[in-house]
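Please examine the sequence and the model shown here before reading the points that come after.

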Amino acid sequence: MTPLLQTRNLTAFYGDYQALFGIDLEVQAGEVVGVIGANGAGKTTLLRTLAGVLPCAEQAVRFQNRNIGGLDASRVVALGIALVPEGRRLFPSLSVEENLKVGAFARRTGPWDENRIYELFPVLGERRRSRATELSGGQQQMVAIGRALMSNPTLLLCDELSLGLAPLVVKDIYAAIQKLTAQGLSAIIVEQDVSLAQRMASRLYCLQEGRVSLQGDSASLTRERISQAYFGA
Amino acid sequence: MLGWVNTVAQGIMLGGLYGLFAIGLSLMFGVMRIVNIAHGDLIVLAVFGAIAATTMADLPLWAAVILVLAGMFVLGYVLQRGVLNRTLAGGELPPLLVTFGISIVIQNLLLEIFSADPRSLSAGGIETQSVNIAGVLAIGVLPLGTLAAAVLITAALQWLFGRTDIGRAFRATSDDPETAQLMGIRTAHVYGLATAIALTVVAIAGILLAVRTTVAPSDGPNNLIYAFESVIIGGLGSFWGTLAGGMILGVSQAIGFRVSPGWGAFAGHVVFLAILAFRPQGFFPKTHTGSA
Amino acid sequence: MSTASFIVTRTTRASRWGAAMGIVLLAAAATLPQWSDAATMRLLTEFACLLVLAQMWNLLAGYGGLMSVGQQGYLGIGGYALFALADYGGVNPFLCVLLGGLIAAAASVPTAKLVFRLQGGHFAIGTWVVAEVFRLAVSNSAALGGGSGRSLQAMREIPRSVREPVTYWIALAIAAASLIGVYLLMRSRFGLALAALRDSEGAAESQGVNVKRTKFWVYLVSAFGCGVAGALYFLGTLRISPDAAFNVGWSAAIIFIVVIGGIGTIEGPIIGTIVYFLLRETLSDYGTWYLIALGVVAIVAMMKYPKGVWGTVAERFDLYLFPVQRRVEPR
C-alpha cells in the first residue's frame with residue numbers, strides 16, 4: 001500500500017548549516033507516527049520542511065503520490081498537510097474566533113468548521129471573542145490545533161504540543177488528538193516526552209543529530225534501545 | 001468669534017484631505033512595516049495621470065478618475081510584487097532606500113514630462129460651490145465632500161480589515177508572515193494587494209487635492225510630510241486614529257495660517273513636534289505588542 | 001592544531017599599501033594650489049564636502065542603523081553659523097568651519113531627544129521634518145537674510161590668492177580627518193559597540209552595550225561632521241540661502257553616494273563620491289534625465305547589489321583598505 005506521506009533522503013539546511021541528513025520516513029493513511037529526539041535533533045526542522053517552510057528537493061517528499069518537496073507553505077496546506085507549530089504561534093492581534101477563521105483561508109472542503117471546533121474544545125466557544133494571546137497556555141494550544149483543523153487536513157503535523165503545559169492539560173490535549181485520529185486523521189506527532197509519544201503513536205522514529213537513529217513499532221521498542229538512540233551511544 | 005469657528009471648520013475639512021493622504025501610508029506600514037518615502041510623490045503621480053487623461057486624451061473627468069484609480073491599483077500591486085517584495089528580506093534600510101530612489105525618479109519624470117508649472121483639475125464648477133450652515137457658516141461643497149470621502153474610506157477600510165477574510169489575512173500576515181503562510185495565505189500576493197489598495201486611496205486623495213488647488217511635480221515631499229505627521233499625531237495602528245491625526249494637523253495649520261499666512265505649515269510642524277515630545281504614542285494608538 | 005600557529009590581526013597587506021598611497025596622494029593634493037586653477041580647487045573642495053557628508057551619513061545609517069533624510073538640517077546650521085559668526089561676531093571665517101560643526105552638534109542634542117522616539121522609516125521622515133523646521137525658521141528670519149539668503153561679507157577683506165588655497169587646504173584636512181576619524185572610531189570600543197548594535201540591538205544590549213547612548217553619540221558626531229561640511233561648503237561659495245542650505249537634494253546625493261559606493265564600509269563613500277562626480281560632470285547637461293538615471297541606478301543597486309561597489313568587490317577579493325574587522329592569519 002503506498003504510504004500517504006513518504007520522505008526519501010530528505011535533507012534540510014539553515015543557510016550553510018545542515019540540519020537534516022537523508023531522512024527516510026513514511027506515514028500510512030490513518031496512522032499516527034511519532035518522532036522523538038533530544039533538543040536540536042532536527043524534529044522541528046523535519047516538520048517545517050514537510051510543511052513547506054524550509055526548502056528541499058522536489059522528490060524528497062511524496063504526498064498522495066505527488067512530489068511536493070520545495071513547494072511553498074501556502075501550497076502545502078492547500079494540498080492537505082497542516083502544521084501546529086512549535087510554540088503555538090497564534091496571531092496576537094486576532095481573537096480566538098478570527099484565528100480559527102484564518103485557518104480556513106485555504107478553503108479546503110471537509111467536515112471541519114468553527115462550530116465543530118467549539119464542540120471539540122468547548123472552552124474556546126466561551127472565549128471566542130477574546131484576544132487569542134489572553135488565553136491560558138493549554139487553551140492557546142487548543143486554538144492552535146483548531147486553527148490547523150480548519151484547513152481540513154488529511155495529515156496533521158503536531159510540534160511538541162506538550163511544551164510548557166501542565167501534565168493535566170497535556171492529558172486533555174492529547175485526549176482530543178486521540179479523538180481526531182480515531183476518526184481517521186493521519187498525524188505525525190513530535191514530542192520530547194517519550195512515553196507520551198509511545199502511547200499516542202503506533203510507530204516511532206528517533207532522530208539524533210539530523211539522522212534517524214531508530215525506528216519501529218512503539219510496542220516493540222524497549223526503553224533501553226530508545227535511550228541509546230536518543231542520546232547516541 | 002465666528003471667524004475662529006470657520007477656521008476650525010476649514011481645518012477639520014483640510015484634515016479630511018490629510019487623513020486621505022495618510023491612510024495609504026498607515027496601511028502599508030501596518031501590513032508590511034514599510035514606510036513608503038515615495039508616498040507623497042505617488043499622490044502627485046495620480047494627479048498628473050488624471051491631468052494627462054483629461055488634457056492630452058480629452059477624457060471627461062469621471063472617465064479619467066476611473067482610469068487613474070484602476071491604474072494606480074495595478075501600479076501598486078506591480079510595484080510591491082516586482083520591487084518592494086524583494087527588499088523585505090534585507091532589513092529596514094533597503095525598502096527605505098528604494099522608495100527614496102523611486103521618489104526621486106517620479107519627481108524628475110513628472111518634471112521632464114509636464115514641466116515645473118503647478119496644474120489643477122477642473123471639476124466643472126464644484127470647486128466654488130458652497131453650502132450654508134444655519135445661515136451663518138459657508139462651507140465649500142468640495143471640502144465637505146472631501147471630508148465625507150475621508151470618513152467613508154476610513155470606515156470602509158476599518159470594515160475590510162476587521163470583518164473580511166482578506167482583512168484577517170492582512171492582520172495575520174502583519175503579525176507573523178511565516179505562520180500566515182501556514183494558513184494558506186500567499187504573503188507575496190497579500191502584500192501586493194495591500195499596496196494596491198494604498199495607492200488607490202492615494203489616487204482618490206490626489207484627485208480631490210488637484211480639484212481643490214494646484215499641484216506641482218515637486219509637491220511630493222510636502223504631501224509625504226503632512227501624511228506622516230497625521231499618522232504620528234493620530235497614533236500607529238488605527239485608521240480612525242490616522243484620520244483624527246489628519247484633522248488635528250489640519251486644524252493646527254488652519255489656526256497657524258489665520259494668525260499669519262506664512263506660519264500655516266510651521267504651526268503644523270510645531271504641533272507634531274509637541275506630540276512627539278509629550279505624547280509620542282500619539283492620541284489614539286492601537287499598537288499590538290507581545291507574542292503568541 | 002595549536003593556537004600558537006595563528007595570530008589575530010587587523011592590518012592587511014592591502015591596508016598597508018592603501019595607507020602608503022594615501023599619504024602620497026595627500027601630499028600631492030596639498031601642492032595643488034601651486035599648479036592648478038581656482039575652478040579645480042573649488043571642485044575638490046566640493047568633493048571633500050560630499051565625502052565628509054557621505055562618511056557622516058554612513059556612520060549613522062551604515063554602522064548605526066539610523067537612516068536619516070534630514071542631515072541637510074545640520075549642513076544648513078553649519079553654513080548659517082559661519083555667516084552669523086563671521087559677519088556679526090567678527091570671528092575668523094576659517095575658524096567658523098569648526099564652530100559651525102559645534103553649533104550643529106549642539107542643535108542635534110534636543111533634536112535627538114525628539115526624533116529618537118520614532119523608529120525606522122518614521123525616524124527617517126522625522127529627521128526630514130526637523131530639517132524643514134530649521135529651513136522655515138531661517139527663511140522667516142530677516143537677520144539671517146530671510147528667504148533670499150545673504151553673502152559672506154567677512155571674506156571681502158581677504159584676497160583671493162589667500163582665500164582660495166586656504167579654503168582648499170582646510171577642505172583637504174577635513175576630508176582626511178574624517179576618513180581617519182571614522183576609521184579610528186570604528187576600531188575603538190565604541191566602534192565595536194556600534195557594529196554590534198547594527199547587527200542586533202537586542203543581543204548588543206544583552207552584552208552591556210548601552211544602545212540608546214551609543215545611538216545618541218553617533219547622531220551627535222554625524223551632526224558635527226555635517227555642520228563642518230556645511231560651513232566649509234558655503235565658505236567656498238560665499239553665498240547662502242535656505243533653499244540651497246536645507247535642500248533635501250543633499251540627502252539624495254549623499255544616499256546615492258553611499259548606496260552605490262557601499263554601505264557600512266569606509267572605502268565605499270570614497271568610491272561613491274568619485275562615481276557621483278564623474279556622472280555629474282559628464283551628464284549634467286541632461287538635467288532631469290541625469291537625476292532620473294541616478295535614482296534608477298540607486299534603486300537597482302539596492303535591489304541587486306546591496307553592498308555597493310566596494311562591498312561587492314571587497315567580498316569577492318577579500319580586499320580591505322580600512323580594515324576594521326579582526327582576522328585570523330597564520331603566523
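The structure is a predicted model. Two pairs of chains are in contact, and chains B and C share the most contacts. Chain A and chain C, by contrast, do not touch, and their nearest C-alpha atoms are 17 Å apart.

**Contact between chains B and C**

- Chain C contributes 32 residues to this contact, and chain B contributes 34 residues.
- On the side of chain C that touches chain B, the elements giving two or more residues are α6 (120-139), α12 (249-261) and α14 (288-304) of chain C.
- The element that gives the most to this side of chain C is α14(C), with 11 residues.
- Sorted by class, the side of chain C that touches chain B comprises 24 nonpolar, six polar and two charged residues.

**Helix α6 of chain C**

- α6(C) is made up of 20 residues and spans 29 Å from its first C-alpha to its last, which is close to the 28 Å expected at 1.5 Å a residue.
- This helix, α6(C), is mostly covered, as 15 of its 20 residues are buried.

**The largest nonpolar core**

- The largest nonpolar core contains 270 residues.
- The residues with the most contacts inside this core are Leu157(A), Ala46(B), Val47(B), Ala50(B), Ile207(B), Leu53(C) and Leu232(C).
- Helix α8 (residues 187-212) of chain B gives the most to the core, namely 16 residues.
- When neighbours within four places in sequence are left aside, Ile207(B) is in contact with Ala46(B), Val47(B), Ala50(B), Val65(B), Val68(B) and Leu121(B).

**A sheet in chain A**

- Six strands of chain A form an open sheet in the order β6-β7-β8-β3-β9-β10, with mixed pairing.
- From one strand to the next, the twist averages 15 degrees.
- Strands β7 (residues 155-159) and β8 (residues 186-191) of chain A run parallel and are joined by five bridges.
- Leu157(A) has Ile188(A) as its bridge partner in β8(A), and Leu157(A) is also among the residues with the most contacts inside the largest nonpolar core.
- Helix α9 (residues 223-231) of chain A lies across β3 (32-37), β9 (203-208) and β10 of chain A, and runs at about 35 degrees to β9(A).

Note on methods:
Residues are numbered from 1 along each chain as its sequence is written. Chains are lettered from A and ligands numbered from 1 in the order in which they are written. This is a predicted model: local features need pLDDT of at least 70, side-chain atom pairs count only at pLDDT 80 or more; totals for chains, interfaces and linings use all residues. Two residues are in contact if their C-beta atoms, placed from the backbone, lie within 7 Å. Helices (H or I, at least four residues) and strands (E, at least two) are DSSP runs, numbered from the N terminus. Ala, Val, Leu, Ile, Met, Phe, Trp, Tyr, Cys and Pro count as nonpolar, Asp, Glu, Lys and Arg as charged, and the others, Gly among them, as polar. The expected span of a helix is 1.5 Å times one less than its number of residues. A residue is buried if 20 or more other C-beta atoms lie within 10 Å of its own, exposed if 12 or fewer, and partly exposed in between; C-beta atoms are placed from the backbone. A nonpolar core is a set of buried Ala, Val, Leu, Ile, Met, Phe, Trp, Tyr and Cys residues joined through C-beta atoms within 7 Å. Two strands pair if DSSP finds at least two bridges between them. Axes are lines fitted to C-alpha atoms, for helices over the stretch in contact, and angles run from 0 to 180 degrees between N-to-C directions.
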